[in-house]
Amino acid sequence: MATEFVARGADLELVGIRREFPGFTAIENLDLHIPAGEFFALLGPSGCGKTTTLRLVAGLDEPTKGKILIGGQDVTGTKAYQRPVNTVFQSYALFPHMSILENVAFGLRQRKVADPLAKAQEALELVQLSHLAQRRPAQLSGGQQQRVALARALVNRPSLLLLDEPLGALDLKLRREMQIELKAIQMEVGLTFLHVTHDQEEAMDMADIVAVMNKGRIEQMGAPEKLYDRPHTAFVAKFLGQSNLFTGQVVEQNASSISIDFKGHKLTVPKDRAERHSGLVTIGVRPEKAMFHEVQPAASSDVNIIGPGEIIDIRFTGVSNQYLIEIPNIGQVTVFAQNVGKSPVVELGAKVWVTFKVEHTFGLADNPDGATADNDAVDGED
């Protein structure tokens, strides 16, 4: 292990950050604290403000208002080269005429750091590329070039490493391999990683904490499993994976749960899994937590039941079969059935009832745009 690289992370704090451009505001009143040594992912769709946030931290842009602190020091007014920060971009920007070793040592030579080649060799060892030190970038695979770009950033021993869609140019297999490697390297070197991505799976696979960003603000932040299991808003429920959402008026409640009327179906959610307990409330369930049955199930206080409906689409994705079920007066509901060697139903047109346990439901703090008590179920987006 290259001990020089270990445990040098610093915390990052954004205080009241606002970034205005002519005609629109990219970020509004953003407060964020990332503890030292954490792998943090900023996740969101294009145009949500995540890349602008990264550029502000890197010193490539200036906030309209607010402060940026790294390791407790205010760096808001400092230049990019004065900050203990390095960035790995999607485009590797390697010098084609230089060897891999010289590429990694280039920044050190520019800053007249002593013994640049030895330090570059250490960084290549960290990313397991020391045996390719004399090759040129064109002789490496995409994954290897990505590791060179990572070594070039790490060799400067930053307190904070920024990753801007770093795996976007790789194919699926390489991307998954690099996800594992990036997480392993982060744990080994102890740096603070801020990873900006629109890829939900990538963020959830690698990050300790994920912040879902939308329209210049953070919608929800927390551990990946918590965000997935308990989304607080319709945006998070639909952006982070897929969700079936049902909106209706609360018609019944007790000490532990609330129930809504959704087009004649009573759907129940535990109170401790719901953000609101009265009025118009949206209840959701993930497709893999839902099931379907060819025979109408018996009513139960522990299970929500809707149907009957008709299977109108079946998609095989490898790990699961994805069923799209059209239920009259309700709309379309998605059910994932894990591929364990057999499927519960395989033919299109089958008549089925959909069930999901009350304990697997969640209640949102808002409703989908335009949702009313008469809205159809909302199928989430990838």
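1. Buried positions of α4. The buried residues of helix α4 include Gly143, Gln144, Gln145, Gln146, Arg147, Val148 and Ala149; Leu150, Ala151, Ala153 and Leu154 are also on that list. Buried means under 20% relative accessible area, exposed over 50%, and partly exposed in between, with a 1.4 Å probe and protein chains only. Because 11 of the 13 residues of α4 are buried, the helix is largely enclosed by the rest of the structure.

2. Basis. This is a predicted model: local features need pLDDT of at least 70, side-chain atom pairs count only at pLDDT 80 or more, and totals for chains, interfaces and linings use all residues. Residues are numbered from 1 along each chain as its sequence is written, and side-chain values use heavy atoms, with hydrogens and water left out.

3. Geometry of α4. The helix covers residues 142-154. From first C-alpha to last it reaches 18 Å, close to the expected 18 Å. That expectation is 1.5 Å times one less than the number of residues.

4. Neighbours of α4. Its buried residues pack against strands β6 (85-89) and β7 (160-164). They also pack against helices α2 (100-110), α3 (116-126) and α5 (172-189). Contact means heavy atoms within 4.5 Å.

5. Whole protein. There are eight helices and 21 strands, taken as DSSP runs (helices H or I, at least four residues; strands E, at least two) numbered from the N terminus. The C-alpha trace spans about 75 × 50 × 35 Å along its principal axes. Of the 382 residues, 50% count as buried.

6. Among contacts with a separation of 6 or more, 68% join residues 24 or more positions apart.
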